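Please keep the structure open while reading.

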Amino acid sequence: MKNIFVDKIPSAVSQFIASEGISPDDALVSLRSDLRVDGSLGDCYVFLCNESFAVAEGILVFSSGGKRADGTNVRSEEFKVSRFERFSLSDVEEPKAEQLISTGRVVARVNGEDKLLFNFSSACKHGAAVFCRAVADLKKNGELKEAEYADEDYEKHVCPKCGKRYPDEELKVCPNCMDKVRLVKRLSVLFFRYWRSIAMVLFAFAMIAGLGVITPYISNELLYDDVIGNPDSTAIDVLKIVLLIVGVRLASLCVNLLSGAISSSVAANVTYDLKKTIFNTISRLSLAFFTNRQTGGLMTQVNSDSLTLYWFFCDGFPYLILNIVQLAVIMGVMLSQNLVLALYTFITVPLFFLGFKFLFNVFDKLHAKRYSKRRSFNSLISDVLNGMRVVKSFSREDEELRRFDKRSRDSAEATNEIQTFSARVFPFLGYLLRIGSYVVWAVGGWQVMNAVGDMSYGRLMSFIAYFALIYGPIEQLADVSNWWSETLNAIQRLFEISDAQPDVRESESPIVPEQAKGEVEFRNVSFSYVENRKVIDDVSFSIKAGKTLGIVGQTGAGKSTLANLLTRLYDVNEGAVFIDGVNIKDLPFEYLRDNIAIVSQETYLFRGSILENIRYAKPDATKEEVIAAAKTASAHDFIVKYPDGYDTEIGFGKKELSGGEKQRVSIARALLRNPKILILDEATAAMDTQTERNIQAALDRLTENRTTVIIAHRLSTLRNADNLIAIENGKVAESGTATELLKQKGVYYKLYKLQAEALKTVGIGE
C-alpha cells in the first residue's frame, strides 16, 4: 500500500532512514514533528511501516552547495541525528496523543512500560493523531484502509507556500510565511485616522532635528572660532553665545515634550482601536475557538500584546523617526563640511548594519520563545486561581507551587536569554561602530596641526560633536531591533485573531419565517469536536411543535452536543438540522436566539445584581416580568430574603450564591425570553428533590404549547415527556415512550434498573 499520510520529508532524512534499512516509500505513515524528546525545538521524523515504526530526531543543517548552470544557488542539507529508535508493533500497546498546554506528546506501553515516543507542537497535532490511530488499526486489523484516512480538506490545513500545517487550523495563519511588511502597512491604517496629530509629531521631529544640528555649531565652531578665538570678543559676546545655546536647548526640550504628549495620545487611541477590533472579532468567533484556548493565553494576547504596541509607539517609534531624521540631516551637514572625514566616520557602519540584520532575526525567535513561555505561565495562573477550591480540597498546593516554579523559571529564563544576548552583542557593536571616530580624531587632528584646507580647531570640535550625535541614533537603531522584533511578534499575534473567521457563519441571504412554531428535525446528523472522532454519528429524530422530547444516555454519549447543534453553537459536519422545515444554517442568528433558550448544568452568572443577570436575556423586560420568571423558576423566595432583594450584587467580592441558587437564576433568565423552543440540559441537577419537584411542576405548566428538549440523568424528570430517545456512542440506540423503552430492555431499561437499585439501597422504592 502507498503512503496514506505524508508530511514533506527532506532528502537528507530520507537518505538516513534508507541507510537504516527503512524505505521511505514503503512507510504507511510518515510525519514530521518540531519538538525533540527533551522538549527542545528540533526536527523529529516518524515512519510507520506494516510491522514496526521508527523515530529519528536531530537538526537539519543547510549550506551552500555551489551554483547551477543558470547561476542559481544549490542548497545542500545534512541531517545531524541525535536520537534514533525503532519499535516493533507487537511490543507497543495503547498509543495515544496527549494534548498539553501548548504542546503534546505521544506515549504508549512498550514491553509493559510507559514510553514517551515523541513530542509535538500544536502545528503537528494532526499527524500525531493520525499516527496513533494508524498504529491501533494496524494492530487490530493488520492493515489500513486508505479511504478511512483520506483527508479531502488537507490543502485547507497547510500553508500553500511552505507546505507546513497551520499552528492553529482555525486561524489559518503561517508564522513562517507571515509578510511582516504587510502587517506594518495594515497597522499604519489605524494611524491614518489621526493623521493631523501625526503631522504635528513629524513637524516637531523636524524642529528637534534642526535644533539638534544647530546646537553643535553654536557650542563649538561659533563659540571657539568666532568668539573665544577672536581677540576683539568681550564677556558679553560669550554670554550671548551661552544664552543662545540655553535657548536652543530649551526650545528643543519644549518641542520634545509636545511631541511626546501627542505621540502618547495617538498610541493610546491606536491601542484602543486595536483592542476593540480584537474583542469584536473574538465575540464573533465560534464556540470552537474558545474550546481549545485557555483564558490566560487569550488575555496575554489581547492585553499584553496591545501594551507592547502601546509602549513601542510611545517610546520606541517616535525616537526611531527622530533618529532617522536627525541622522539624515547631520550626515548632510558632515558631508558638506568635510567629505574625507565624513567617509572615515562611516567606515564601519556597513559592518554594523550587517550585524543589525543578524540581530533582528535572532531577536525575532527569542521574543517568540519568550511569548510562548509567558503565555504558558499566565495560563497556569488563571487555571490555578479559578480552580483554587479543587487545589485545596485535594491538598495539591505543593504540587501547584512546583508547577508555578517551573513555569515561572522558564519564563524568567526566556527573558534572561534576551537580556544576556543583548548585553553580549550590543557593546561589541558599539565598539565596532566607534572605530571610525578614532580615525576621525587622528585625521582631523593632523589636518588642524598642518592647516590642511579650512579645518580649524572649532570646526574639528563641531565635527566631532556631529559624529557623536550620529553614533547615538545608529546605536539606538540596533537597540530598537530588539524592541521592533517583539512588536512585530505582537502585531502578528493580534492580527491572527483579527483575521480569524468564525466556523459558524450567518447566511448571506437568511430566511425569516413569518411565525415560529417550534418543530424540530435532525436529519442524518454527524458531528465531531476533534478530527476523526465522531461524537454524533448519523442521528435522526423529530419533535412536533409544542411537544416534549426527553434525551437519555450515559455520560459522554453526546446528549449535550445535540443541544449545542440545535442552538447552532457548532455546525454539523454531515446532515442538517431543521426548525419549522427550514435549515438552521439559513436562519438568522437573531431569530435563533429569540426563539431558542437553553439552561445548562454549567451555569454562569455575570458580576452585577440578580436583576441584571435575569434581565440579560431580555434587556427591555420590566421588573414585573423578571419577578414572574423568577417565581416560575422557584428563585423568588430565596431572592427576597436578601436585604437588597433583586438588587443584591453577586460575583467576585459580593454575595456568593450556591450551585442550586445559580441554576434557578439561570432558569429564570431563560424563561424570561419566553422562547418557542426550550432546552433543559441537566437544568435541575444541582437541586434538592423538593426544589426539583417545585420547578418541575412550574415547567410542566410552562412547556404547554412549547417545544421542549429535556436532557437528564434523573429519569423522574422525563416522566411527562411525549417521547424519549436513548443515545449510545453518538447514535440513537432506541426511541419511543417510557413504557415502550422499558419493554425493549435496552439502554433506557438499564438506566432505569440502575436508578431503581440505587433507590432501594437507601430504602426508597420497592
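## Salt bridges and cores in a predicted model

K731 has a relative accessible area of 39%, so it counts as partly exposed. The model is predicted. K731 pairs with D537 in a salt bridge, and the closest N and O atoms are 2.9 Å apart. This pair links distant parts of the chain. K731 sits in strand β20 (residues 731–736), D537 sits in strand β10 (residues 536–543), and 194 residues separate them.

Side chains of opposite charge can pair when their charged atoms come close. The count of salt bridges comes to 13. Three of them are set out below.

| Salt bridge | N to O distance |
|---|---|
| K731 with D537 | 2.9 Å |
| E85 with K115 | 3.2 Å |
| D571 with R568 | 2.7 Å |

E85 and K115 also link distant parts of the chain. E85 belongs to strand β5 (residues 73–88) and K115 to strand β8 (residues 113–121), 30 residues apart. Are these two residues buried or partly exposed? E85 is partly exposed, because its relative accessible area is 23%. K115 is partly exposed too, because its relative accessible area is 28%. Salt bridges with shared partners join E57, R83, E85 and K115 into one network. D571 and R568 form their salt bridge at 2.7 Å, N to O. Both of these residues are buried.

## Nonpolar cores

Which residues touch the most other members of the largest nonpolar core? They are I614 and I639, in a core of 38 residues. Helix α20 gives the most, with six residues.

I614 has contacts well beyond its sequence neighbours. Leaving out residues up to four places away in sequence, I614 touches V626, A630, I639, Y646, V665, A668, R669 and L672.

H636 is found in helix α19 (residues 636–639). Its relative accessible area is 18%, so H636 is buried. Residues up to four places away in sequence aside, H636 touches I627, A630, K631 and Y646. A630 and Y646 are also among the contacts of I614.

## Helix α1

Helix α1 spans residues 11–19, and A12, V13, F16 and I17 are buried in it. Seen down the axis of α1, the buried residues fall within an arc of 135 degrees, so they line one face of the helix. Which exposed residues does the face turned away from the buried side carry? That face of α1 carries Q15 and S19. Just after α1, G21 takes a positive phi of about 85 degrees.

## The whole chain

The protein has 23 helices and 20 strands. It has 766 residues, and 46% of them count as buried. Among contacts with a separation of 6 or more, 68% come from residues 24 or more positions apart. The protein exposes about 40,200 Å². Carbon and sulfur atoms supply 54% of that area.

Conventions. Residues numbered from 1 in each chain as written. Predicted model: local features only at pLDDT ≥ 70, side-chain atom pairs only at ≥ 80, totals over all residues. Heavy atoms only, no water. Helix = DSSP H or I, 4+ residues; strand = E, 2+ residues; numbered from the N terminus. Buried < 20%, exposed > 50% of the residue type's maximum accessible area, 1.4 Å probe, protein only. Contact = heavy atoms within 4.5 Å. Core = buried A, V, L, I, M, F, W, Y, C linked by side-chain atoms within 4.5 Å. Arc of directions from axis to C-beta. Areas by Shrake-Rupley, 256 points an atom, 1.4 Å probe, with all protein chains shown as cover. Salt bridge = Lys/Arg side-chain N within 4 Å of Asp/Glu carboxyl O.
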